[in-house]
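Have the viewer open and follow along.

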Amino acid sequence: DPQPNWWKTGTAYQIWPASYKDSNGDGLGDIPGIVTTLDYLKNLGIDIIWLSPMYDSPQKDYGYDISNYQGIYPPFGTMNDMDTLIEECHNRGMRIILDLVINHTSDEHAWFKESRMNKTNPKADWYMWKDPRYVDGKRYPPTNWKSIFGGSAWEWVEERQQYYLHLFVKEQPDLNWELEEVRRAIYKEAIEFWLDKGVDGFRVDTCNLYSKDISFPEAAIALPEEEYQPAFKHFENGPRMHEWLQEQRRECLDKYGDILMVGECPASSIETILAYCSPDRNEFSCVFDFDVVDLGTNRTVGGKKHQSYKHQLPEFKQALAKCQNLIQDFGAWGTVFLENHDQARSVSRFATDKPEFREAAAKMLAVCITCLSGTLFIYQGQEIGSYNHSADWSIEDIRDIDSINAYNDVKNRYGNDPLWNKKSMRGLATVGRDNARLPVQWSAEANAGFTDPTATPWIRVHDDYKNVNIAEQLQREDSPLKFWQRMLKFRHEYQDLTILGDFELHDFYEQKTFIFVKKLKGAGKRGSSEKELLVCCSFSDEEEPLDMPGRFKSRSLELLVSNYGEANVGKYLKPWEARIYLVK
Ligand code: TEU
């Protein structure tokens, strides 16, 4: 077999710059701060860094509203700092990819400022402008579409007497990809500029939303009590997506060689994903689909954060199995991840953050995902088992616009009622985006070592940083951090099974355990006499019987990894235990 692409076997680590590491004591993370941690990341076993937006931006959506693709947000640093970061990553044999946010810009981008002035300027059609509807003399937006972050997806502009479309907040107007001129400008300014600087690819933000149904139909009523309705059907995976992505490859990306283009592709079926990343399509290298992180949210049908619920374990297995399926049955590539900057912490959501089990649970999740095929992405703080903030926090502690909108939405509908407010905060403490955006806990010092001890961090520090922090875990052999370090080595050492092998789910219907096998690619349904990995994970506060696959009765099993130490090989799994056996 040919050598697998670097981006298939590499482990990626996502950095969300505002909350990662502050070097100058202003309470906000920055690029020089990131540079000081590169040895830490290298030692952890990281091969690829995904840097969330560091571009110039009014920060309405924390950098996902870009006002200049070729500028750096000044509090994060300078272009020189970026050049240094890229160089220092490469010096250590690591790659770096940036976030590519080209579905929309900030409303303060020069393109939009010009576009909004009147209907005749050279950029008049660069965004999605539409005339209002009038009913009984009253003005309404062109459609009933709801923005992904709440409220109408349309915003009125006096100067033009028109609305523009914004699928996210109103400060994020959607670009008009229908116009060739717009696409060319994006390729040149947002993509080529950075590839010329040597970055190794991009994580592509909301990469399936560029093409909308430009007949702009009304969305079906899913939320009868509300004015605006979820309209994903009319703007997700639209009719011209593939034409444009292939054009982008041909005219722009192909000349840069084997770069990583990982697209964010929420709520997509296998067929939809394949259309973006089966090898013959050459559009994306792989995508993030959201089956795992959308569990318990009903996001795409308008579910609210305060209505999120605890999923069942078989749903979790099924969601993870999708990517395995994509790789082994369809020859495409995929991603494995449980966290990012939009999601709550995996320990809290998919395992447990009860103090007595939290560390075992964090290690168990590490075992689970490091044994799966696909490019592995971990998110800052995940390596120490960071967990969600408390539901006792108040809305004043929250910075994320999506979360604040969700809170206000409940308040507007049910009044300023303490029980509803409490319910909202419980929702945010379960799935709110700020769970991932609290400062990284570097040490037990004041401000968790994220910034100067006397500075005021831009967002509240997690209450438990004295217990859960990198400095402490670096010194403790049985810490989640040290465990992750070993697991990332293990993943490479056994990569013909972990990354490149085939997956067999042993116990789909079990509610408390997740047991699967990884075997050599093409080994077949019944396995073979070749080596295999047997991965056993408990999702239970109690001891659970261990259901060994029958076909291993005559094979010899060697315990390679356990989150309870080598000694535990009994026929019961301890609470949140994980074991990996080599089957010979
Ligand atoms: O997120 C796209 C997306 O689908 C989000 O709606 C996500 O599901 C939501 O944040 C969960 O609450 C991307 C970025 O990752 C996100 O940070 C940006 O806010 C968004 O695009 C707009 O650029």
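This is a predicted model: local features need pLDDT of at least 70, side-chain atom pairs count only at pLDDT 80 or more; totals for chains, interfaces and linings use all residues.

Residue numbers start from 1 along each chain as its sequence is written.

Between them, 12 residues of domain 1 are in contact with 15 residues of domain 3, contact meaning that the C-beta atoms, placed from the backbone, lie within 7 Å. The side of domain 1 that touches domain 3 has two nonpolar, six polar and four charged residues. In that scheme Ala, Val, Leu, Ile, Met, Phe, Trp, Tyr, Cys and Pro are nonpolar, Asp, Glu, Lys and Arg are charged, and the others, Gly among them, are polar.

The UniProt record, an unreviewed entry, puts "domain: Glycosyl hydrolase family 13 catalytic" at residues 14-437; positions are in the numbering used here, feature names are shortened, and annotations may be inferred rather than shown by experiment. That span is 32% helix and 13% strand, with its end C-alpha atoms 12 Å apart. Helices (H or I, at least four residues) and strands (E, at least two) are DSSP runs, numbered from the N terminus.

Now for the sheet. Eight strands form an open one in the order S13-S12-S11-S5-S2-S1-S15-S14, with parallel pairing; two strands pair if DSSP finds at least two bridges between them. Strand S13 (286-288) and strand S14 (335-336) are at the edges with a single partner strand each, so one side of each has no neighbour in the sheet. Further in, four bridges join strand S1 (residues 11-15) to strand S2 (residues 48-51), and Tyr13 has Ile49 as its bridge partner in S2.

What about the ligand? It has 13 residues around it, of which Tyr64, Ile148, Phe168, Pro266 and Asp342 come nearest; near means a C-beta atom, placed from the backbone, within 6 Å. By class, this shell has five nonpolar, two polar and six charged residues.

Last stop: Trp458, in the loop between helix H14 (418-431) and helix H15 (470-474). Trp458 counts as partly exposed because it has 19 C-beta neighbours inside 10 Å, where 20 or more would be buried and 12 or fewer exposed. Leaving aside neighbours within four places in sequence, Trp458 is in contact with Ala18, Gly27 and Leu28.

Terms used. Two residues are in contact if their C-beta atoms, placed from the backbone, lie within 7 Å.
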